[in-house]
Amino acid sequence: MHVTHLSLADFRSYERAEVSLGPGVTTFVGPNGQGKTNLVEAVGYLASLGSHRVSSDAPLVRMGAQRAVVRALVRQGDRQQLVELELNPGKANRARINRSSQVKPRDVLGIVRTVLFAPEDLSLVKGDPGERRGFLDELVTARSPRMAGVRSDYDRVLKQRNSLLKSAVMARRYGGRPGTPSATKSAGADTSTLDVWDEHLARVGAELLARRLELISALRPLADKAYERLAPGGGPVGLEYKGAPADGSRGGLDADGRGAAVSPAELYDGLLAALRDSRRAEMERGVTLVGPHRDDLVLKLGELPAKGYASHGESWSLALSLRLASYELLKSEGNEPVLVLDDVFAELDVQRRARLAELVASGEQVLVTAAVPEDVPEVLAGARFCVAGGEVVAE
C-alpha cells in the first residue's frame with residue numbers, strides 16, 4: 001500500500017499543497033519550521049484520525065481558516081481509493097471515500113496505515129503510562145479498525161461512571177445544604193445504577209484489554225529481534241502488561257499478556273471483580289481507579305525496567321524497536337504500512353542511523369523528513385522534495 005498523491009487545503013502552514021508520491025523512499029528536506037513535518041503529519045492523520053504532535057484538531061487548521069482538508073489517493077495492488085477528511089474544530093469532522101459523502105470519519109480507518117518514527121517516540125520509554133497506552137490502542141485500531149468504536153464506547157462509559165462517582169462524593173460532602181457548590185445536583189446523587197455501569201465498563205473494557213494482551217504477545221518477539229538488530233547484545237527486551245492498583249483494593253486486573261490469548265469473556269469477570277474491590281476507594285475519590293484507562297505497558301531491558309534505568313541511547317533503541325515491531329506485525333498481516341521517519345536521524349548516532357536505515361530501506365513506501373540532506377543515510381536515496389516558504393518543490 002502506498003500514497004500516490006497528497007492534497008492539503010488550509011492544513012497547518014499550507015493554504016494549498018499538492019504532492020505526487022511514489023513507492024520507495026521520498027525525502028522532504030528543508031530548514032526547521034518550513035512545514036516538512038506537516039506533510040507527514042497529514043498522512044498520519046488519515047491513518048489514525050489524530051496527530052502525533054497535538055491532542056486536538058484546532059492547531060491543524062491554518063490560522064484564519066475555518067476548516068482544513070486532507071485528501072490522499074491510495075493504491076493497494078490494483079485497487080485505488082480517494083480518501084478525504086475535513087477537519088472542523090468545534091464541530092463534527094467529515095469524511096469522503098471515492099467522492100461519497102455518506103461515510104463517517106471512522107470509516108476511513110484502514111485505508112491508509114502508517115508506522116511513524118518521531119522524536120516524540122522517546123516518551124514511549126521515558127513518559128507516563130498514557131503514552132504507552134496510546135501506542136497500544138493506536139496499533140490495536142490499525143490492526144482492527146472496528147476497535148475505534150470499542151475505544152469510543154469505553155471512553156463514553158468511563159465518563160458516565162466518573163460523573164456518577166463525583167456526584168456521590170459531592171452529595172456526601174455537602175449533603176445538599178443550600179448555598180454549597182453543586183448542592184442541588186449532588187443532593188440527589190443516586191449510586192444505585194453503579195452496578196450497571198460496572199457491568200458496562202467491564203464488558204467494553206474486557207474487549208479492549210483482550211486486544212491489548214493479544215497485541216503484546218505478538219509484539220514481544222518482534223521487538224526483541226528489532227532491538228538486537230539495532231543494538232546487538234543489548235537485550236533482551238521485555239514487554240509486560242500491568243494493571244494499575246487502586247487504593248485499598250487488591251489492585252487492577254492481573255494480566256501481563258504472557259501465554260495464550262485470553263478472550264474478552266474470560267477477562268470480564270476479573271475486571272468486574274477489580275471494579276467492585278475498588279468501590280470504597282472510588283466512592284471516596286470520585287473517580288474510576290481500575291481499568292484499561294489506568295494500566296501500563298512495562299518495558300524492560302534484561303531484568304530491569306527501561307524507565308529509570310535505560311541510558312538515552314538504550315531508550316532510543318527500545319523506542320525504535322517498538323516501531324519496527326509494529327511495522328513487521330502490520331506487514332505480516334497483509335497490508336504493508338507507509339513508514340514515516342520524521343526528523344529521526346538527527347537524534348541518532350552514526351551507528352544507529354545506519355542500522356535503522358538498512359532495516360527500513362526496503363519498505364514499499366518510506367517518507368523521510370530532514371533538516372539537511374546529510375542527515376539521511378545514502379541507503380535511503382530516492383525522490384527528494386525541497387520544503388521552504390510554504391512550497392514543496394521536487395528536486
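Asp195 and Arg279 join their side chains in a salt bridge, N to O 2.8 Å, where a salt bridge means a Lys or Arg side-chain nitrogen within 4 Å of an Asp or Glu carboxyl oxygen. Asp195 sits in helix H6 and Arg279 in helix H8, so the pair ties together parts that are 84 residues apart in sequence. Helices here are DSSP runs of H or I with at least four residues, strands are E runs of at least two, and both are numbered from the N terminus.

This is a predicted model, with local features needing pLDDT of at least 70 and side-chain atom pairs pLDDT 80 or more, while totals for chains, interfaces and linings use all residues. Residues are numbered from 1 along each chain as its sequence is written, and side-chain values use heavy atoms, leaving out hydrogens and water.

That pair belongs to a salt-bridge network linking Arg161, Asp195, Asp198, Arg279 and Glu282. The overall count is 18 salt bridges, and here are three of them:

| Pair | N to O distance |
|---|---|
| Asp195–Arg279 | 2.8 Å |
| Arg161–Glu282 | 2.8 Å |
| Glu41–Arg53 | 2.8 Å |

How exposed are these side chains? Buried means under 20% relative accessible area, exposed over 50%, and partly exposed in between (1.4 Å probe, protein chains only). Arg161 is buried at 0%, and Glu282 is buried at 0% too. Asp195, though, is partly exposed at 39%. In the Glu41–Arg53 pair, Glu41 is buried at 2%, whereas Arg53 is partly exposed at 36%.
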